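Let's take a walk through a protein model, one local feature at a time. Keep the sequence and the 3D view open while you read.

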Amino acid sequence: MPAIENLQKSSIAVFGSTGSIGTQALDVARFHKIPVDTICAARSVKILENQIREFKPRVCAVFDESAAKELKTLVADTETKIVSGKEGVCLAASETKADIFLNAVMGMAGLEPTLCAIKSKKTVALANKETLVAAGKIVTAEAKKNRVSIIPVDSEHCAIHQCLCNGRKSEVKKLILTCSGGSYFGKIREDLENITPTEAVVHPKWNMGRKISVDSSSLMNKGLEILEAAWLFDMDIDNIDVVIHRESIIHSMVEYNDNAVIAQMSVPDMHFCIQYALTYPERYPGITEELDFSKVANLSFYKPDTKTFKLLDLARYAGKCGGVIPTVMNAANEAAVSLFLDNKIRFLDIFDSVCDITMNYKNIDLSKELTMSDILFADFEARRLIFEHFSK
Ligand code: MG
């Protein structure tokens, strides 16, 4: 279906523009002719140059200083202003003229730009779940204070956001997150001994970045999503269930107090979720194909195996502890996954080290207010503990 020409179009900022979600967000922008005010990435100079030439953003922020220098020379003939470093990135997030700030930065690096955008009263479309896991309390409090909406981009949370329109908050009994089960559904611990990074980054249903694909294989991703949902929808962790759904057609569900279950279905394609977040509360003609029920032969559901995939329960534990324990779990996982992707540790080492460090970390005093410096210190410590754990 062609895009509608006369719809009111907000302009967007895309942070993490060269990654999987970022490039798909620009596909949506191209399809619907949505103006792109700002882009930002870590260092992929060549891709950024192409994006600048195509979308003509006002500003492009680059984390890496030397990459920024190189890019500046490459696009000297354009009108795009290049800013660099952590400061430049935060400034670009604060000063963007976009109506919607899409954060698709990978990992904890997305936290400060999100806070800058919220303080500048931008609507946030959030694909960076680590932001909410590590600092959900601070991010949601800032959003409330600044009257800023956070629209989820993650497919499960995008689904729940839609399902929640069918009743009042007080009528919601539970949220049910669906989970594809990743690449190793049905496997037991012994089967996971020799998995290589090349194998772990292949996902059966979704096309995603390397870190999130490993998280999907270990089910850490679903654990992070439980905490993300708890903050986004202000739900108790005990009222958030996970069900394995291999076909990835139902993207999540909401159960109401009368036991009615509302599910959202669509083909598994992140373009849909990105478009929903960028156009909400409107619905635009779809960039993704329609669901063909004649091709969906079966919808199957299973209980997750939390004995083998123990990071799922670890996330519940961390969420219930509160304080900095979720921050520690998130940082330990980021560090362990990066060591695994560099072939330095085994797949199962991620499970064991992240559990070990999270369970043994001394939490902050919960009677005191959680601060950004508590979060940043815990994040730093957890990464250090992971490296120490593997350098023994
Ligand atoms: Mg997801």
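Predicted model: local features only at pLDDT ≥ 70, side-chain atom pairs only at ≥ 80, totals over all residues.

Here is a tour of some strands, salt bridges, backbone angles and a pocket.

Residues are numbered from 1 along each chain as its sequence is written, and side-chain values use heavy atoms, with hydrogens and water left out.

**Strands and crossovers**

Helices (H or I, at least four residues) and strands (E, at least two) are DSSP runs, numbered from the N terminus. Two strands pair if DSSP finds at least two bridges between them.

Start with strand β5 (residues 100-103), which runs parallel to strand β6 (residues 123-126) and is joined to β6 by four bridges. If you look for Asn103, you'll find it opposite Leu126 in β6. To get from β5 to β6, the chain passes through helix α5 (residues 111-119), and this β-α-β crossover is right-handed. That label applies if, with the strands pointing away from the viewer, the path from the first strand over the helix to the second runs clockwise.

While you're at α5, pick out Thr114, which lies in this helix. Thr114 counts as buried because its relative accessible area is 1%; buried means under 20% relative accessible area, exposed over 50%, and partly exposed in between (1.4 Å probe, protein chains only). Between Thr114 and Leu71 there are 24 Å in space, C-alpha to C-alpha, and the two are 43 residues apart in sequence.

Now carry on from β6. Three bridges join β6 to strand β7 (residues 150-152), and these two run parallel. Val124 has Ile150 in β7 as its bridge partner. Here the chain crosses from β6 through α6 to β7, in a β-α-β crossover that is right-handed. A handy thing to know when looking at strands: in a regular strand the side chains alternate between the two faces of the sheet.

**Salt bridges**

How many salt bridges does the structure hold? There are 31, where a salt bridge is a side-chain nitrogen of Lys or Arg within 4 Å of a carboxyl oxygen of Asp or Glu. Here are three of them:

| Pair | N to O distance |
|---|---|
| Lys211 and Asp215 | 2.7 Å |
| Lys295 and Asp292 | 3.8 Å |
| Glu381 and Arg384 | 2.9 Å |

Lys211 and Asp215 both sit in helix α9 (residues 210-218), four residues apart, which is about one turn of the helix. Are these two buried or exposed? Both Lys211 and Asp215 are buried.

The pair in helix α15 (residues 372-391) is Glu381 and Arg384, three residues apart, again about one turn of the helix. Glu381 counts as buried because its relative accessibility is 14%, and Arg384 is partly exposed because its relative accessible area is 35%.

As for the remaining pair in the table, Lys295 has 68% relative accessibility, so it counts as exposed. Asp292 has 33%, so it counts as partly exposed.

Salt bridges can also link up: Lys129, Asp154, Glu156, Lys222 and Glu225 form a network of them.

**Backbone angles in the loops**

Which peptide bond is cis, with omega near 5°? The one from Tyr280 to Pro281. Pro281 is found in the loop between α11 (270-279) and α12.

Next, look at phi. Lys33 isn't a glycine, yet its phi is positive, at about 55°. You'll find Lys33 in the loop between α1 (20-32) and β2 (36-41), and Lys33 is exposed, with a relative accessible area of 53%.

Ser248, also a residue other than glycine, has a positive phi near 50°. Ser248 lies in the loop between β9 (240-244) and β10 (250-256). With a relative accessible area of 5%, Ser248 is buried.

**The second largest pocket**

Last stop: the second largest pocket, with a volume of about 550 Å³. Of its 27 lining residues, the closest to its centre are Gly136, Lys137, Thr140, Ala230 and Trp231. The elements giving two or more residues to the lining are α6 (129-145), α10 (220-232) and α12 (311-321). Which of them gives the most? That's α6, with eight residues.On the terms: a pocket is an open set of points on a 1 Å grid over the protein atoms alone, where a 1.4 Å probe fits, with protein on both sides within 12 Å along at least five of seven lines; lining residues have an atom within 4 Å of a point. Points are joined across faces, edges and corners, and the volume is the space filled by probe spheres set on them.
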